[in-house]
Amino acid sequence: MQELIAKQSKSGATKSYSTIATILSVLAMGLGQLYNRQFMKGIILLAVHAITLYTVIFKLPHAVWGLTTLGETQTQLKKVGRLYQQVMGDHSVFLMIEGLVTIFAVILLLWIYVLNIKDSYRTGKLREQGGVPNTFRQTVSFVLSYRFPYLILALPLAGVFFFTIMPIVFMILIAFTDYTSKNMPPAHLLNWTGFDAFRDVFQLKGWSTTFYKVTLWTFLWAILATLTGYFGGFGAALLVQQKRIRFKSFWRTLFILPYAIPMFVSMLILQNMFNGQFGPVNQYLELMGFDRIPWLSDPTWAKVTLVIANFWVAFPVSMLMIIGIMSTIPKDMYEAADIDGASSFQKTRLITFPSVMYSMAPLIIMSFVGNMNNFNVIFLLTNGNPINSDLQFAGDTDILITWLYKLSMGYGQYNYASVIGIIIFIILSVFAIWNVRRTKTFKEDTSS
């Protein structure tokens with residue numbers, strides 16, 4: 001009987017450790033740890049709790065107010081004595097950034113709050129099972145020994161959180177405001193406009209016409225630039241790797257030169273070469289009896305010029321990668337094909353091309369995604385021109401990324417630029433993920 005009473009009393013006592021520690025941790029971070037006799041950890045968490053309370057009580061209400069209203073007092077001139085002075089009002093952009101930082105900080109503190117509860121519960125359970133909670137030194141030693149990678153990753157993770165994720169969220173929020181050059185803080189307050197900018201881009205005639213034309217050309221440009229770069233590199237690699245070709249190193253070095261030259265130099269040279277009036281290309285054509293071609297002033301020819309220029313700077317990289325892949329193809333496959341009487345074209349079609357394509361598929365997809373955002377070639381060669389009066393702040397050769405640049409940096413249409421940025425992000429993310437998951441190389445990685 002005494003043993004039963006002892007067991008019951010012991011059971012009642014052990015149950016209380018985890019329960020009490022959890023309740024105390026819910027009331028305040030660190031109390032559960034103090035109850036579990038982890039004094040240093042408890043004091044640190046109490047300090048975090050104090051920071052949390054200060055943030056929630058004094059900072060969070062202002063942050064929520066700033067995000068919901070974007071300011072209430074506008075910058076204005078007030079008469080002070082005999083003079084008018086400019087009295088600064090609320091700055092909507094600063095309020096938005098401050099609100100985001102505060103909310104992210106509160107989310108981080110809440111995450112620590114949840115971890116604090118879990119930690120006190122587990123430590124209480126350990127005590128119920130007769131274990132002894134770790135001291136602060138043992139906790140630090142455990143973290144340094146077994147959680148060191150997480151500790152090292154914490155700093156860059158925080159950087160990604162505040163310097164990558166937060167700007168993306170900020171950009172998304174701008175799309176729902178009336179932030180333009182005519183309505184710019186601090187002279188004016190921003191207002192939430194909902195999906196008005198999205199509706200204009202998709203439905204308003206001037207914006208929607210521009211958007212659909214620019215998007216169509218962006219996809220066409222990405223496809224042409226990717227295919228010409230890839231097949232140009234493939235052809236050059238096949239030629240260089242031919243057994244009868246001498247001085248292979250020389251040819252490889254010669255073909256890689258366009259890539260070695262800085263792109264802006266190449267584009268500026270090509271811009272002059274394709275000049276419709278004074279460019280040497282048209283002069284050579286005239287000498288051969290052909291008419292001048294409006295390489296950069298005609299919408300269609302300007303697009304052709306862009307594809308040619310991109311091919312010139314893109315094929316060397318593809319050539320080098322394909323040469324590397326071709327060197328890994330077993331030679332006995334070609335020897336077996338020779339025994340079967342296969343022609344060179346058949347060996348290329350049935351052995352070389354599938355092997356190269358299998359390895360290059362993920363890179364081709366990434367090249368396609370990169371070409372959709374290939375700002376340099378478009379901006380440096382044509383700057384989106386020729387100008388088209390039917391398009392809204394865009395030229396005939398503008399792709400989405402250069403249109404976004406013009407909208408934001410050239411014309412101050414920040415809300416519409418943000419909408420275009422969101423659309424680019426969605427298109428590229430969906431397309432890239434969908435295609436990468438269909439690639440055999442990634443499927444094999446997943447299965448393994």
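This report describes the pockets, a nonpolar surface patch and several salt bridges of one protein model.

The model is predicted: local features need pLDDT of at least 70, side-chain atom pairs count only at pLDDT 80 or more, and totals for chains, interfaces and linings use all residues. Residues are numbered from 1 along each chain as its sequence is written, and side-chain values use heavy atoms, with hydrogens and water left out.

**Pockets**

A pocket is an open set of points, on a 1 Å grid over the protein atoms alone, where a 1.4 Å probe fits and protein lies on both sides within 12 Å along at least five of seven lines; lining residues have an atom within 4 Å of a point. A volume is the space filled by probe spheres set on the points, which are joined across faces, edges and corners. Helices are DSSP runs (H or I, at least four residues), numbered from the N terminus. Lining residues are sorted by type: Ala, Val, Leu, Ile, Met, Phe, Trp, Tyr, Cys and Pro count as nonpolar, Asp, Glu, Lys and Arg as charged, and the others, Gly among them, as polar.

The largest pocket has a volume of about 1600 Å³. Its lining holds 33 residues, and Trp-111, Leu-115, Val-143, Arg-147 and Leu-151 lie nearest the centre. Helices α3 (39–69), α4 (92–128), α5 (136–146) and α6 (148–174) each supply at least two residues of this lining, and α4 gives the most, with twelve residues. By type, the lining of the largest pocket comprises 22 nonpolar, six polar and five charged residues.

The second largest pocket has a volume of about 750 Å³. It is lined by 17 residues, of which Gln-241, Gln-242, Lys-243, Tyr-334 and Lys-347 are the closest to its centre. Here α13 (331–339) and α14 (344–372) each supply at least two lining residues. The lining of the second largest pocket divides into four nonpolar, six polar and seven charged residues.

**Nonpolar patch**

Met-40, Ile-44, Phe-136, Val-140, Leu-144, Phe-148, Leu-151 and Ile-152 make a nonpolar surface patch of about 700 Å². Patch residues have over 30% relative accessible area and no salt bridge; nonpolar side chains (Val, Leu, Ile, Met, Phe, Trp, Tyr) are joined within 5 Å, like charges within 9 Å. Accessible areas come from the Shrake-Rupley method with a 1.4 Å probe, and for residues only the protein chains shown count as cover. Helices α3, α5 and α6 each supply at least two residues of the patch. Leu-151, which is placed in helix α6, is partly exposed at a relative accessible area of 43%. Buried means under 20% relative accessible area, exposed over 50%, and partly exposed in between.

**Salt bridges**

A salt bridge is a side-chain nitrogen of Lys or Arg within 4 Å of a carboxyl oxygen of Asp or Glu. The count comes to six salt bridges, and the table gives examples.

| Salt bridge | N to O distance |
|---|---|
| Glu-128 and Lys-125 | 3.7 Å |
| Glu-286 and Arg-292 | 3.0 Å |
| Lys-406 and Asp-398 | 2.7 Å |

Glu-128 and Lys-125 are three residues apart in helix α4, and are therefore separated by about one helical turn. Glu-128 is buried, with a relative accessible area of 17%, whereas Lys-125 is partly exposed at 32%. Glu-286 is partly exposed at 41%, and Arg-292 is partly exposed at 37%. Lys-406 and Asp-398 are both buried.

Key. Buried means under 20% relative accessible area, exposed over 50%, partly exposed in between (1.4 Å probe, protein chains only).
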